[in-house]
Amino acid sequence: MIMTDDAAAGGPVPLIKPRDGIDDDLVEIGQRYWHLDGFDSETGRPIWSETASKIDCSRWGQGSGRAYIVAAAAVRAVLPGHACPQCGEELVLASRSALGKIIQGEQPDNCADCDASLQEKIARALDPTRLRRARENHDRQAGRQRERWRRQDWDAQRAGIVAEAYAVSWLVNQPIPAASVRVELIALALLSYAPSPAPLGPIREWVDPLHPDASSQHNCVAEVLNADLIRFHPSSQVDSFVWEPATFDDALAVAGEGGEMPVPTLTGSYFPLKATYFTQFGHSLETAAAAVRGHLAARLDPATMSLSRQQALVEMAVELLAEEAIRYFEYLLDQHKLPGVQEDHRDKLVEAAYAAARVRPLSELYNLAWRAARDAAAAAQRHPEAARANMTAHGVNRFESNAQRALDPAFDIKPYSSVAGLELAAMTRTLFLRILHLDVFATGVPDIEANLPNPIAGAPQREGPMGASPESEFGQLSCTECGFPVQQQDAWLWVEVREALDYVEAMRAASESGDLIQALIDLSPARWRVSHTECSSDSGAVCEARMPATYREFLSWTAIILDEREKWIHGSDFADLLAEVAGATGRFGVAGQS
């Protein structure tokens with residue numbers, strides 16, 4: 001038998017008697033419940049060591065505010081000098097409130113031992129089956145809490161790794177890297193249309209897209225990152241990166257119950273649209289972003305471009321106009337509650353849109369999309385029993401047919417204006433409004449080409465032979481397409497860029513699958529051609545230039561091509577071409593002698 005506190009003079013202090021056969025941890029709950037620090041000197045009210053609500057009784061199946069039941073089940077709080085008015089035995093307090101009433105001069109009706117309601121609650125609390133279930137539930141809850149703590153530690157550890165790996169640093173006196181037209185356009189769009197470029201992102205939270213084709217945005221951001229124009233910011237969410245182990249659950253499986261968690265490691269892979277970025281070329285986030293914007297705007301000014309960069313700019317216009325048209329078509333399908341375009345029909349839609357984008361402005365491409373979607377919706381109304389995916393396929397067919405007709409200048413198309421609720425992508429705005437300074441909807445690719453200034457000095461010109469040399473140092477060459485002789489001033493040097501890109505992708509896939517040697521045997525890179533103007537490709541997806549007249553001019557052109565740093569160049573036989581130039585063999589052998 002113990003008193004709760006010998007120093008608790010000034011009021012009646014209960015004696016705590018543990019009940020027979022009760023676990024020590026349960027008795028501890030009872031002792032904590034009845035532990036007194038003293039009494040208030042003015043009111044005489046008891047001052048308890050801790051509030052009853054803070055005593056966790058969940059392991060015994062009791063919630064907050066029911067600690068008195070567990071205490072009554074574990075101990076008897078006997079108040080010396082007081083007897084129960086009902087049973088006449090020593091007074092056993094049922095709860096703290098009973099002691100408070102006695103201090104105020106009130107007489108209790110009974111004691112804990114003869115309170116039938118309390119005894120019933122005690123019996124339920126000590127029921128073995130109920131107690132076992134309560135403890136199992138408590139253990140589960142405790143396990144979840146431990147897991148939450150471990151998860152918090154895991155996330156904190158990953159956040160620390162990200163903060164250290166991508167700490168902010170500045171490259172104040174370093175030159176801003178040059179990149180391809182495509183990459184620079186993406187970067188300028190990112191820095192121009194981000195809600196806040198300091199820091200930049202996450203791009204997935206943008207209301208309007210970066211690129212009209214949402215599925216390509218991952219690659220767009222990755223290209224800019226790989227060109228060193230932007231860098232991960234340490235504020236990036238940890239789930240922006242791929243880790244080893246990949247998830248907390250994977251780490252927990254490795255550690256096991258109670259084991260040590262493995263240290264998370266960055267794998268080098270990431271989710272481009274989740275991360276946050278910044279650019280390093282300044283003294284602060286704001287000044288660096290402004291500096292890079294200015295650099296990119298100057299680089300993308302058509303008046304400062306070589307011929308190949310101007311051609312790349314035109315190709316970007318084709319891409320963005322075509323993808324905006326496709327985006328509008330898919331937007332209309334959704335408005336008509338029709339399913340999206342299936343993958344086996346997408347190539348047909350893309351090919352049609354890109355072909356039409358070479359000859360028609362966006363306002364007319366919108367008309368083609370509207371017609372196709374309208375016809376698809378009308379077909380769905382006429383054939384309610386048919387699969388709705390078939391109606392979408394019908395819409396794609398209509399788009400293809402109208403796009404083919406659009407190649408004829410005589411085919412009249414009513415121009416459409418902008419669409420409420422469908423803003424243009426950031427890259428489209430950047431190209432037309434910030435670089436070309438042209439109306440997005442009224443300007444077609446032919447207009448862009450007609451208004452481009454001559455390329456920079458030293459680059460192949462848009463008209464006539466390159467350079468000032470009156471005579472060719474290469475002599476009369478053979479057209480690789482028709483086999484007839486071609487004079488230098490009438491010759492074009494060109495390569496199919498799509499073929500080169502396909503070769504690069506095929507070699508990458510072969511390398512990953514371990515079939516690189518066989519691929520080197522089976523596949524050939526895209527071949528550079530020397531041809532008459534009328535024999536050159538009309539696909540539009542080519543890199544072409546007037547044939548240089550001298551070796552000096554050819555060297556200058558080579559420097560321009562290599563300065564572009566386009567990945568497709570590795571998918572062409574450019575090295576073989578240079579060797580043939582140097583040796584006056586193959587494509588550069590004199591006609592009739594090679």
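## Helices α6 and α10

Helices α6 and α10 are oblique to each other (angles under 35 degrees count as roughly parallel, over 145 as roughly antiparallel, 65 to 115 as roughly perpendicular and the rest as oblique), because they pack at an angle of about 55 degrees, with their axes 9 Å apart. Axes are lines fitted to C-alpha atoms, for helices over the stretch in contact, and angles run from 0 to 180 degrees between N-to-C directions. On the α6 side, Val181, Arg182, Glu184 and Leu185 make the contact, and on the α10 side Arg309, Ala312, Leu313, Met316, Glu319 and Leu320; contact means heavy atoms within 4.5 Å. By class, six of these residues are nonpolar, none is polar and four are charged (Ala, Val, Leu, Ile, Met, Phe, Trp, Tyr, Cys and Pro count as nonpolar, Asp, Glu, Lys and Arg as charged, and the others, Gly among them, as polar). Helices (H or I, at least four residues) and strands (E, at least two) are DSSP runs, numbered from the N terminus.

The model is predicted, so local features need pLDDT of at least 70 and side-chain atom pairs count only at pLDDT 80 or more, whereas totals for chains, interfaces and linings use all residues. Residues are numbered from 1 along each chain as its sequence is written, and side-chain values use heavy atoms, with hydrogens and water left out.

## Helices α6 and α9

Helix α6 (residues 181-193) also meets helix α9 (residues 285-299): their axes come within 9 Å and cross at roughly 140 degrees. The pair is therefore oblique. The crossing of α6 and α9 is left-handed, meaning that the near helix is turned anticlockwise from the far one by less than a right angle (clockwise would be right-handed).

Glu184, Ala187, Leu188, Leu191 and Ser192 of α6 touch Ala289, Val292, Arg293, Leu296, Ala297 and Arg299 of α9. This contact of α6 with α9 consists of seven nonpolar, one polar and three charged residues.

## The nonpolar cores

The largest nonpolar core has 91 residues, and Leu210 and Leu431 have the most contacts inside it. Such a core is a set of buried Ala, Val, Leu, Ile, Met, Phe, Trp, Tyr and Cys residues joined through side-chain atoms within 4.5 Å; buried means under 20% relative accessible area, exposed over 50%, and partly exposed in between (1.4 Å probe, protein chains only). Helix α10 (residues 307-335) gives the most to this core, with 15 residues. Another core, of 35 residues, lies apart from it and includes Ile22, Val27, Ile55 and Ala77. In soluble globular proteins, nonpolar side chains tend to be buried together.

Not counting residues up to four places away in sequence, Leu210 touches Ile186, Ala189, Leu190, Ile203, Gln217, Cys220, Val221, Ala425, Ala426 and Met427.

## Buried residues

Glu319 belongs to helix α10. With 14% relative accessibility, Glu319 counts as buried. Its contacts, apart from neighbours within four places in sequence, are Arg182, His211 and Tyr354.

His233 lies in the loop between β7 (231-232) and β8 (241-244) and is buried, at 11% relative accessible area. Although 71 residues separate His233 and Val162 in sequence, their C-alpha atoms are 8.8 Å apart. Leaving aside neighbours within four places in sequence, His233 is in contact with residues including Tyr166, Val168 and Thr276. Thr276 is in turn found in the loop between β9 (265-270) and β10 (277-278), and is buried at 7% relative accessible area. Among the residues that Thr276 touches, not counting those up to four places away in sequence, are Gly201, Pro202 and His233.

## Helix α3

In helix α3 (residues 96-103), the residues Arg96, Ala98, Leu99, Gly100 and Ile102 are buried. The elements covering them include α1 (24-34), β4 (46-48), β5 (75-83) and β6 (90-93). Gly105, which follows α3, has a positive phi, near 95 degrees.

## Backbone features

Gly201 and Pro202 are joined by a cis peptide bond, with omega about -5 degrees; Pro202 is in the loop between α6 and α7 (217-226). The bond from Glu244 to Pro245 is also cis, with omega near -5 degrees, and Pro245 lies in the loop between β8 and α8 (248-255).

Asp228, in the loop between α7 and β7, has a positive phi near 65 degrees although it is not glycine. Ala584 likewise has a positive phi, near 55 degrees, in a residue other than glycine. Ala584 sits in the segment after α19 (574-583) and, at 43% relative accessibility, is partly exposed.
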